[in-house]
Amino acid sequence: MSESSVSYVSKNKLFPNEREKLFDIYKDLIETEYNLNRTLVSFQANKKEPFYRWFKYKEGFSRKLIDYFIEKYHPSKGNILDPFAGSGATLFSAREKGWKSTGVELLPIGIYNIQARLTAEKISINEFKKEVITFWEVFNSTSEVGTIIQHISITRGAFPDENENNLNRYLTTCKKVKNDATRFLLEFAAFSILEEISFTRKDGQYLRWDSRANRSYGSTEFNKGEIYDFVKIVKEKIEEIIDDLSPTQNYELFATVKNNAALYDPNILKGSSLEVLPSLEENTFDFVMTSPPYCNRYDYTRTYALELIFLNNNDEDVKKLRQTMLTCTVENKEKLDYLKNLYAVLNRSSDFDFINSLYFSHPAMSEINDVLSKLNKLGKLNNSNIPRMVKNYFYEMLFIIYELYRLLKYSGIVVMVNDNVRYGGEEIPVDLILSDFAKIIGFKINKIWTLPVGKGNSSQQMGLHGRSELRKCVYIWEK
Ligand SMILES: C[S@@+](CC[C@H](N)C(=O)[O-])C[C@H]1O[C@@H](n2cnc3c(N)ncnc32)[C@H](O)[C@@H]1O
């Protein structure tokens, strides 16, 4: 690891040096894994994969990444947990290998996607094809339009009128389909193409609006290119689903499931991991493979606002989801009291006290919190809530790590994918802080794998602070 990549070895010695000390402790465990290229780690590797290409959950793992780590660290099957399950890539990949799997996911989007896959696996493809033909006959012969899509303030005007009208007509027709599985998949097809038929583009922290919607913020004009016709594109989506499910394609993914009735369906737990994990029994799992939200201001509830309203979430629901998520946006409020109460109700106040005091006595964590609050006072952060976000991100992750330790069996493994971040020019070594938390709790830190080329940073930051790479990592911890 070259020195230049560690920006908190501060050129400006105003803020020494706890992070530097941590780096010294862990530097021999930080190693570049050349097998982990960006394509393997990110969703890109899934783009052409059956199921994963239906609804593009861009935050998802690639299937290959999960296979890679299971093969490397736990080739014999067991019981796996993903506390931030998203669309269930960990669960499905492990299941193909005969594992039992449990996933926790808060957002209805991931849950719906998982349900779609489980529904698709069980459907009779020939029946489905026939019902799709009937569906379009009914659709074409009716002009009945219910108002199905209920907008919230951040989605109003997202669809061109004709698309919204056809979407509502389509969903009205779906309601008439008697077979639950067929109806579900037809609705799911529409869910999967909302971005393509809208004026919006998912853009990390928020939903970006095409200027044609007359709703764009700021001065920059944005044109997302073609806005697809709803009927055309939903038909294509249904064909894609049929294609992936057809035996002629003989895709490995569905073939394994169809040929092996003994595989366990994943156990999906809806809700926040902060609340669900403490309620699970200790010493249950052999392996955790997960990727929590990153400490990067990414707001899932804005980015996936169209999908959330599709799934009947109103303004209040969306705001509640935003606050319940693991803190990763500047809007998140502190959860200290909530966690304190939660642990008190579970009769585990001493665990709360332990975790809480560990956090507030951690030198590098305190240093980061101090540095960010000083930078804030100097007006050097582009949002004044960044210190609160960073503080609470680590606070909540400490609870997660504590629970993972409790839930794992002896010699169980955690594989966690996460990125380092930088604010106001200060690197936040997420890998070192979380690994150090894990070590204090009792884990052995086996490795901090880094991707060959780290993540760059915004051009604005590069201008201000010069470029240095931020590590994008996979941590391996063992109980
Ligand atoms: C980086 S994504 C993980 C994606 C997943 N690896 C996949 O392959 O789809 C992080 C996930 O954590 C979920 N999440 C955020 N806060 C949560 C919480 N408190 N409890 C459970 N899940 C949460 C998000 O909705 C998101 O799906």
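Reader: Where does glutamate 33 sit in the chain?
Author: This is a predicted model, so take the placement as the predictor's version. Strand S1 covers 30–32 and helix H2 covers 38–41. Glutamate 33 falls in the loop between S1 and H2.

Reader: And is glutamate 33 buried or exposed?
Author: Setting aside neighbours within four places in sequence, glutamate 33 is in contact with Tyr68, Lys72, Trp449, Thr450 and Pro452. Its relative accessibility comes out at 8%. Buried means under 20%, so glutamate 33 counts as buried.

Reader: Okay, what about phenylalanine 51: which loop holds it, and what is its phi?
Author: Helix H3 spans 63–73, and phenylalanine 51 lies in the loop between H2 and H3. Most residues other than glycine have a negative phi. Phenylalanine 51 is not a glycine, yet its phi is positive, at about 70 degrees.

Reader: Is phenylalanine 51 buried or exposed?
Author: The cut-off for buried is under 20% relative accessible area. Phenylalanine 51 has 1%, so it is buried.

Reader: How are H1 and H19 oriented to each other?
Author: Helix H1 takes in residues 18–26 and helix H19 residues 430–441, with their axes 10 Å apart. The packing angle is about 65 degrees. Angles of 65 to 115 count as roughly perpendicular, so H1 and H19 are roughly perpendicular.

Reader: Which residues make that contact, and how many of them are nonpolar?
Author: H1 brings Arg19, Leu22, Phe23, Ile25 and Tyr26, while H19 brings Leu432, Ile433, Ser435, Asp436 and Lys439. By class, the contact of H1 with H19 has three charged residues and one polar residue. The nonpolar count is six.

Reader: What about H8 and H9, how do they lie?
Author: H8 is residues 180–191 and H9 is residues 230–245, their axes 9 Å apart. They pack at an angle of about 125 degrees. Roughly perpendicular ends at 115 and roughly antiparallel needs over 145, so H8 and H9 are oblique.

Reader: What handedness does the crossing of H8 and H9 have?
Author: Leu185, Leu186, Phe188, Ala189 and Ala190 in H8 meet Phe230, Val234, Lys237, Ile238 and Ile241 in H9. By class, that contact has nine nonpolar, no polar and one charged residues. As H8 passes H9, the crossing is right-handed.

Reader: Zooming out, how much of the chain is buried?
Author: The chain has 20 helices and 12 strands. Among contacts between residues at least 6 apart in sequence, 76% join residues at least 24 apart. Of the 479 residues, the buried share is 58%.

Reader: Last one: where is pLDDT below 50 or under 50?
Author: The chain's mean pLDDT is 89, with 87% of its residues at 70 or more. Where pLDDT is low, the predicted coordinates should not be read in detail. One stretch under 50 has 23 contacts beyond four places in sequence in the model, and that is residues 454–466. Another, below 50 and with 26 contacts beyond near neighbours in sequence, is residues 1–10.

Methods
Residues numbered from 1 in each chain as written. Predicted model: local features only at pLDDT ≥ 70, side-chain atom pairs only at ≥ 80, totals over all residues. Heavy atoms only, no water. Axes fitted to C-alpha atoms, helices over the stretch in contact; angles between N-to-C directions. Helix = DSSP H or I, 4+ residues; strand = E, 2+ residues; numbered from the N terminus. Parallel < 35°, antiparallel > 145°, perpendicular 65-115°, else oblique. Contact = heavy atoms within 4.5 Å. Nonpolar A, V, L, I, M, F, W, Y, C, P; charged D, E, K, R; others polar. pLDDT = per-residue confidence, 0-100. Buried < 20%, exposed > 50% of the residue type's maximum accessible area, 1.4 Å probe, protein only. Left-handed = near helix turned anticlockwise from the far one by under 90°.
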